[in-house]
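Subject: Structure for you to look at, with notes

Dear colleague,

I am passing on the structure we spoke of, and my notes on it follow below. Please read them with the model open beside you.

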Amino acid sequence: MLTTRRRVAAACLLAAVTLSVAGCSSDADDESSSDEIAGAGSGESGSSTPSASASVEKDAPSFDFPSDVEVAVERESTGDPTKDAVLRDVAYSAEARIEAFVKGDGNAANLNRYFTGPALTYWSKRIENVKEQELTSTGSYRYYDFEVTDIANGKTAAVRYCEDQRKAYSKEIKTDKVRRTQPSEDDFILTTLQAAKNSRGDWQVQTTSWKKADASCVQE
């Protein structure tokens, strides 16, 4: 099912993802030269998956995005309750990360709900660094091909998913200037991660890594 969330808030979003993960083509900084986030594990690999609309999911988070940002999450049910729960929360983690960049808040509630350990530390710092640079992002972000590639004792899981940033750009907060780039294969990012179930029942991302222009994610 395709769920597209649009909300009104201040500024835009995800400069850190555009700057440190994918770079939205050419806007990457030194962090993007590595396929692995500092302090994080490498995760596993795999292909498609998960779920349903947040409006019908129990205890679903709400996200607040600016009007010039679109976040599309594509996931289908696997038929396995545990895997579906993992993929649901991993999809939420992707949205939570964007929302935190929108707010420029490394302590955002949804970020803390769906990230923990090295992954939370890394993204919290990146959010603050990007905020200091007075940058944010604008445009469209699409997440797809979610898959649980390993699960152990119903408590830990390895997951992969793809991201399309061809229509996402960096934006200067003070001037609203959009730093447009030409779409390229580098705008397709494969994310692999390790997640663990907490006492509340949420699956939190603990470690994560990425690879730009991965063949399994690149589309026409």
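D164 is buried, with a relative accessible area of 9%, where buried means under 20% relative accessible area, exposed means over 50%, and partly exposed lies in between (1.4 Å probe, protein chains only). D164 is found in strand 4, and its side chain makes a polar contact with the side chain of R166 at 2.7 Å. By polar contact I mean a pair of N or O atoms within 3.5 Å, of which, within protein, one must be able to donate a hydrogen and the other to accept it, and residues adjacent in sequence count only if both atoms are side-chain atoms. Leaving aside residues up to four places away in sequence, D164 touches S140, Y141, R142, Y144, D187 and F188, a contact being heavy atoms within 4.5 Å.

Before going further, please note that this is a predicted model, in which local features need pLDDT of at least 70 and side-chain atom pairs count only at pLDDT 80 or more, while totals for chains, interfaces and linings use all residues. Residues are numbered from 1 along each chain as its sequence is written, and side-chain values use heavy atoms, with hydrogens and water left out.

Strand 4 covers residues 156–164, and eight of its nine residues are buried. Helices (H or I, at least four residues) and strands (E, at least two) are DSSP runs, numbered from the N terminus, and two strands pair if DSSP finds at least two bridges between them. On this basis strand 4 pairs in the antiparallel sense with strand 3 (residues 135–152) over eight bridges, and V148 stands opposite V159 in strand 4. Strands 3 and 4 form a hairpin with three residues between them, and N153 in the turn has a positive phi of about 55°. Strand 4 is also joined by nine bridges to strand 7 (residues 188–197), again running antiparallel, and there the bridge partner of C162 is L190.

Salt bridges

The structure holds 15 salt bridges, each being a side-chain nitrogen of Lys or Arg within 4 Å of a carboxyl oxygen of Asp or Glu. One of them links R113 with D59, the closest N and O atoms being 3.2 Å apart. R113 lies in helix 3 (residues 109–114) and D59 in the loop between helix 1 (15–21) and strand 2 (69–74), so the pair ties together parts that are 54 residues apart in sequence. R113 is buried, at 13% relative accessible area, whereas D59 is partly exposed at 47%.

E99 and K103 meet in another salt bridge (3.6 Å, N to O); both lie in helix 2 (residues 81–103), four residues apart, which is about one turn of the helix. Here E99 is buried, with a relative accessible area of 3%, and K103 is partly exposed at 47%. The side chains of D214 and K211 also meet in a salt bridge, at 3.9 Å from N to O, with D214 buried at 12% and K211 partly exposed at 41% relative accessible area. Through shared partners, salt bridges join D59, R113, R200 and D202 into one network.

The protein as a whole

The secondary structure comes to four helices and eight strands, and 52% of the 220 residues count as buried. Among contacts between residues at least 6 apart in sequence, 75% join residues at least 24 apart.

In soluble globular proteins, nonpolar side chains tend to be buried together. A nonpolar core here is a set of buried Ala, Val, Leu, Ile, Met, Phe, Trp, Tyr and Cys residues joined through side-chain atoms within 4.5 Å. The largest such core has 42 residues, and those with the most contacts inside it are F115, Y143 and F146. Strand 2, helix 2, helix 3, helix 4 (117–132), strand 3, strand 4, strand 7 and strand 8 (203–212) each supply at least two of its residues, and helix 2 gives the most, with twelve. A second, separate core of five residues includes Y144, C162, L190 and C217.

With best wishes
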